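Me: I would like to go through this structure with you. Could you take my questions one at a time?

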Amino acid sequence: MLASSDVLLTLSRPLAGTPGTAALIAGLRLRASQTIPALPALRPSPFAFSVGYSSAIFAPTDVFPVLSLTTLVADTPTEVTCHVAPAGITVHATGFGEVFIAADGCRLTWHPSDDLARQRPELILGPGLVLALALQQVFCLHSSAVLGPEGAVLFSGDSGAGKSTLAARLSALHGYQRLTDDITPFTASASECSLLPHFPQLKLPPESQHPADAPERYPIARLYLLSESPADAPVRDEPVSPSVAALSVCRHAVASRLFPESLMARLLHASTALVENVEVRHLHYPKRPGSIADVARLLGTP
Amino acid sequence: MTPAPPLSHATVLHIRPGALVKRIQQEAVILVLAENRFLAVTEVGARTLELIDGQTPLGDILARLLEEYDVSREQLEADVYAFLSQLIAANVVEVERGR
């Protein structure tokens, strides 16, 4: 889930009949019920259209729940319910609002429920964006990424594993271009494994987002799975068995708890395709001064 | 999880419809759809799953694995029975007939 972050998306007020808008997100067209303000990673689409605001999403008889759970949203215990229907997927977070994603992943309607939800639309909009991409065969990995000599290098791991720090310091100290900070959209098949960098990195300020005129995609050269390491241990990497690597990709897929079965199956296929076509290694990365330079040496010259 | 039923050479197993097995090189990843849960399976486990077809008795599967891997019958039986019991408990496979 896209958790607490600085406010990067500010919405116009949701009024009935407000014309919709279009954006390119991770290179994919997305129509929204309300204006998504300009973000470097969310560029205006060349395809003009409008979508009316709608509260009637689909007939109740078509709906069945995928999950219902209580989780922390903005540090508040929140009941989250996800429904799937032939028309699409609805995610409802009590107190924050609701987002509907059409089955083709190209249209998104959301209803912030109160001022907090309007001020922090990413709380309900974020999962909607991730689901929209997934329905278009693009999954989001909890990872950061930099551009290495042979393509994108991803650092995946749990919160606190150091993925954002690695990308930031490799960028600041060693000349690597940071592609993503926390959420990395990717597409994977036997013919292509690519990172799609134009996605809002909600923990970064606007000036640090991926430049709007940068390429739509980068080939993925390597995926590192970050492992905890004692502070006095050396930086080292080692191979990962393919099943463990695929499992890690599945487990670190953003918002996968909201996925219906069909999307979980697609995620499994994408994860195995990624692992079969990209080198995956464990990176033992102690959090101490100097370890970034050792990681840079592992990666080679940018 | 429910306790796994006892297994024997006569047991025939099948992979449940709600479990998706995806081979990756010599290994496999299993997705248990109803639970949104993934399991990683190593080479021998992946091969065992490949031989589970809803028709072949477990005794024949063990014989086939014995031909393919350098392992004692006792070790293989213990490992495969433990593995299958875990998969039954995890709703990946179930007994078709015979116990």
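Me: Which residue in β3(B) does B:Ala19 stand opposite?
Reply: In this predicted model, B:Ala19 stands opposite B:Val32 of β3(B).

Me: And over how many bridges do β2(B) and β3(B) pair?
Reply: They pair over six bridges, in the antiparallel sense. Strand β3 of chain B covers residues 27–32.

Me: What holds paired strands together in general?
Reply: Strands of a sheet pair through backbone hydrogen bonds, in either a parallel or an antiparallel way.

Me: What is the strand order of the open sheet in chain B?
Reply: The order is β2-β3-β4, so three strands make up this open sheet, and the pairing is antiparallel.

Me: Which strands are at the edges?
Reply: The edge strands of chain B are β2 (19–24) and β4 (37–41), each of which pairs on one side only. On average, neighbouring strands of this sheet are turned by 20° against each other, direction ignored.

Me: Now the helices. At what angle do α1 and α3 of chain B pack?
Reply: Helix α1 (residues 43–51) and helix α3 (residues 73–89) of chain B pack at about 70°, and their axes are 11 Å apart. Angles of 65 to 115 degrees count as roughly perpendicular, and α1(B) and α3(B) are therefore roughly perpendicular to each other.

Me: Is that crossing left-handed or right-handed?
Reply: The crossing of α1(B) and α3(B) is right-handed.

Me: Which residues meet there?
Reply: From α1(B), B:Gly45, B:Thr48 and B:Leu49 meet B:Val80, B:Phe83, B:Leu84 and B:Leu87 of α3(B). By class, this contact has five nonpolar residues, two polar ones and no charged ones.

Methods: Residues are numbered from 1 along each chain as its sequence is written. Chains are lettered from A and ligands numbered from 1 in the order in which they are written. This is a predicted model: local features need pLDDT of at least 70, side-chain atom pairs count only at pLDDT 80 or more; totals for chains, interfaces and linings use all residues. Side-chain values use heavy atoms; hydrogens and water are left out. Axes are lines fitted to C-alpha atoms, for helices over the stretch in contact, and angles run from 0 to 180 degrees between N-to-C directions. Helices (H or I, at least four residues) and strands (E, at least two) are DSSP runs, numbered from the N terminus. Angles under 35 degrees count as roughly parallel, over 145 as roughly antiparallel, 65 to 115 as roughly perpendicular and the rest as oblique. A crossing is left-handed if the near helix is turned anticlockwise from the far one by less than a right angle, and right-handed if clockwise. Contact means heavy atoms within 4.5 Å. Ala, Val, Leu, Ile, Met, Phe, Trp, Tyr, Cys and Pro count as nonpolar, Asp, Glu, Lys and Arg as charged, and the others, Gly among them, as polar. Two strands pair if DSSP finds at least two bridges between them.
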